[in-house]
Amino acid sequence: FFGGDVYPASPRDTAKTEEYSGSSWSEQNDMVGTARRALIGFGTQTAAVGAAGYGGGILALTEEYNGTSWTAGNAMPVAKESLAAGGSQTAGLTFGGYAPPGPAVVKTTEEYDGTNWTSGGSLNTGRWGLGRGTVGSQTACLGFGGDSSSPSVQSATENYDGTTWSTRPNMATARRASGGAGTPTAALCSGGYSSTNVNTTEEFTGET
């Protein structure tokens, strides 16, 4: 776990890192870049990527974690915040979110090979605050929920095959900033925000 919004502290943004052993949390080395919130992460506890976010402005910073320390990587091609992600340190992707100017809700996808970022296929529905958590890989990833401009909170679900996003059945409850885990054919979504906070859980089989 790294970065985030320490509310109502001032300054709110943090670069703190913690690891979970299965029973307790321990503090690790801080991120080396700007303290920030609304960033994304993907990978594992010993091979992770943290990128983008908000810290005095929308950021494109990328960092890699080896289980002990963070090192700076190549910046994303587009600064973003409140985006979603999936995959591993050497085969990851990010999608959606807010990006300058404006900022505006975007549909863009970026793929990461462990060194460089390249552009991928665009979401069918641009949105921020999609389900958080690694749901799949760079070539088989699920994106669900989020918030767009019209309508606002979304129930739309999309699947990425490494090239193109395609629509899947909608969620039962539209929501943003939910938790997610699993694969595109065995996924879990929990919590989030609709018109109020949501505590329901939904499971996705790939078809329903």
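A: What follows is a close look at the salt bridges.

The model shown here is predicted, and a search of the whole structure finds 10 salt bridges. As background, side chains of opposite charge can pair when their charged atoms come close.

One of these pairs joins D5 and R37, whose closest N and O atoms are 3.9 Å apart. Because D5 sits in the segment before strand 1 (17-20) while R37 belongs to the loop between strand 2 and strand 3 (40-44), this pair ties together parts that are 32 residues apart in sequence. D5 is partly exposed, with a relative accessible area of 35%, and R37 also counts as partly exposed, at 22%. The pair belongs to a network of salt bridges that links D5, R12, D13 and R37.

A further salt bridge forms between the side chains of R36 and E63, at 2.8 Å from N to O. Since R36 lies in the loop between strand 2 and strand 3 and E63 in strand 5 (residues 62-65), the two tie together parts that are 27 residues apart in sequence. Here R36 is buried, with a relative accessible area of 0%, and E63 is buried as well, with 2%.

The side chains of E158 and R127 likewise meet in a salt bridge, at 2.8 Å from N to O. E158 is placed in strand 15 (residues 157-160) and R127 in the loop between strand 12 (117-119) and strand 13 (136-137), so this pair ties together parts that are 31 residues apart in sequence. E158 is buried, its relative accessible area being 1%, and R127 counts as buried at 0%.

Definitions and conventions
Residues are numbered from 1 along each chain as its sequence is written. This is a predicted model: local features need pLDDT of at least 70, side-chain atom pairs count only at pLDDT 80 or more; totals for chains, interfaces and linings use all residues. Side-chain values use heavy atoms; hydrogens and water are left out. A salt bridge is a side-chain nitrogen of Lys or Arg within 4 Å of a carboxyl oxygen of Asp or Glu. Helices (H or I, at least four residues) and strands (E, at least two) are DSSP runs, numbered from the N terminus. Buried means under 20% relative accessible area, exposed over 50%, partly exposed in between (1.4 Å probe, protein chains only).
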